[in-house]
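Hi,

Here is the structure I said I would pass on. Have a look at it first, and my notes come after.

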Amino acid sequence: MNRPILLAVLLSLFAATAFPPGEASALSGQPVPFSHKTHVAGNGIDCRFCHIYATRSASAGIPSVAKCMSCHRVVAAGNPSVKLVARAADEKRAIAWNRVAKLPDHVYFPHHKMVNAGVPCLFCHPGVDQAVETVQKRAFTMGWCMACHRQRGVSIDCWTCHK
Amino acid sequence: MSHGGGHKWGMAIDLDRCTGCNACMVACSAENNVPITSEDQAGKGRLMHWIRVNRYWQSGWPRPESVHIPVPCMHCGKAPCEPVCPVYATYHNEENLNAMVYNRCVGTRYCANNCPYSVRVFNWFDNKWEGPLDEQLNPDLSVRSRGVMEKCTFCIQRIRRAKEQASTENRALRDGEVVPACVQTCPPGALLFGDLNDPDSEVSRAVRNLRRFRLMEHLGTEPSVTYLKRVKGGGT
């Protein structure tokens with residue numbers, strides 16, 4: 001009778017060890033299998049070409065379907081995954097990507113500030129260029145933010161980051 | 001810029017202009033994700049407003065006259081709320097703001113009990129915004145959860161935004177660029193906001209006005225909000 005519960009407990013223990021707290025889960029399960037490896041490592045597309053707001057605003061932004069189609073009308077148009085993108089474009093529908101790199105609601109993080117100060121994308125999002133499925137490998141802990149801010153003489157006032 | 005850039009934020013409220021319309025309260029609640037309290041809860045002293053308008057009757061029928069006093073957080077220079085917080089969730093920052101870190105707050109409510117202006121409000125419940133009202137929540141602030149104290153921040157998110165804009169354009173912040181929601185919305189322009197360290201800012205000039213006074217100044221709280229009011233009558 002207790003077996004399902006036991007199983008659930010064992011599974012959750014496994015999940016806890018596989019993904020330590022603070023580490024994003026690898027099983028993001030995106031609606032379209034998008035590979036950064038193909039685009040960045042394989043074809044040399046710059047991060048900022050797709051995440052265009054990273055230098056201008058707080059959020060880096062996810063590229064629109066229209067942006068994907070600017071290449072994929074031609075490139076790999078027969079690929080079944082690319083067809084999913086083409087269908088979304090034809091139906092004028094956005095792809096509902098699942099978030100991967102995320103801070104809690106009470107933290108304010110302005111990308112443009114740090115990107116324009118010369119912190120490389122891959123310092124904070126290590127391995128994304130090689131990722132077949134996007135993972136956030138670095139845990140965004142407060143101590144980590146603070147250590148760099150202290151080192152570089154940036155404000156560590158609570159209200160710099162907390163909202 | 002962020003390092004003691006030298007701002008000292010302050011507000012001036014001209015009571016001779018205030019009509020008591022309450023628009024500041026509405027604008028504030030909309031800007032800052034402040035929940036609406038039911039009449040029932042308000043009766044229990046659980047009303048949640050970051051700015052309120054006190055009304056005082058000066059004379060009755062047939063010539064009723066009243067004075068309205070908008071009361072936001074005073075961002076006291078010597079804030080009574082700060083030393084009583086056991087977890088440093090409320091503190092004074094470099095820009096003369098009385099800051100409140102919601103996620104640090106454990107809900108002792110000592111701060112509110114020690115505030116002579118009663119401007120701190122407490123989340124007794126996890127508040128819900130029924131659709132479609134949830135769509136208008138401001139993403140620049142968190143929605144505070146149950147057990148957390150909150151209060152006026154002088155719209156810190158707008159201060160932050162203006163500073164970012166100025167630094168992007170590689171220039172200093174201009175006077176009048178930071179506009180809290182209450183100030184922006186006030187129809188007669190009774191509220192002014194700005195940098196008290198800049199002697200030429202509009203708010204600094206208002207603060208030098210001879211009509212000035214501050215609420216409960218005798219307590220030594222050094223409030224950052226200055227009121228202006230012409231005193232009528234045969235002198236004192």
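This is a predicted model: local features need pLDDT of at least 70, side-chain atom pairs count only at pLDDT 80 or more; totals for chains, interfaces and linings use all residues.

Residues are numbered from 1 along each chain as its sequence is written, chains are lettered from A and ligands numbered from 1 in the order in which they are written, and side-chain values use heavy atoms, with hydrogens and water left out.

Now the interface between chain B and chain A. Here 22 residues of chain B are in contact with 15 residues of chain A (contact means heavy atoms within 4.5 Å). The two chains bury about 1,600 Å² between them, 53% of it on carbon and sulfur atoms (that is the accessible area, with a 1.4 Å probe, lost when two parts are put together, summed over both). B:N103, B:R160 and B:E164 supply 33% of the area that chain B buries against chain A, more than any other three residues. On the chain B side, β5 (98-100) and α4 each supply at least two of the touching residues, and α4(B) gives the most, with four (helices are DSSP runs of H or I, at least four residues, and strands runs of E, at least two, numbered from the N terminus). That side divides into eleven nonpolar, eight polar and three charged residues (Ala, Val, Leu, Ile, Met, Phe, Trp, Tyr, Cys and Pro count as nonpolar, Asp, Glu, Lys and Arg as charged, and the others, Gly among them, as polar). The salt bridge count between the chains is zero (a side-chain nitrogen of Lys or Arg within 4 Å of a carboxyl oxygen of Asp or Glu).

What about the backbone? Two peptide bonds in chain B are worth a look. The one from B:W61 to B:P62 is cis, with omega near 5°, and B:P62 is in the loop between β2 (52-59) and β3 (65-71) of chain B. The bond from B:G131 to B:P132 is also cis, with omega near 0°; B:P132 is in the loop between β6 (121-122) and β7 (149-150) of chain B. Then there is B:N96, which is not a glycine but has a positive phi, near 65°. You will find B:N96 in the loop between β4 (90-92) and β5 of chain B.
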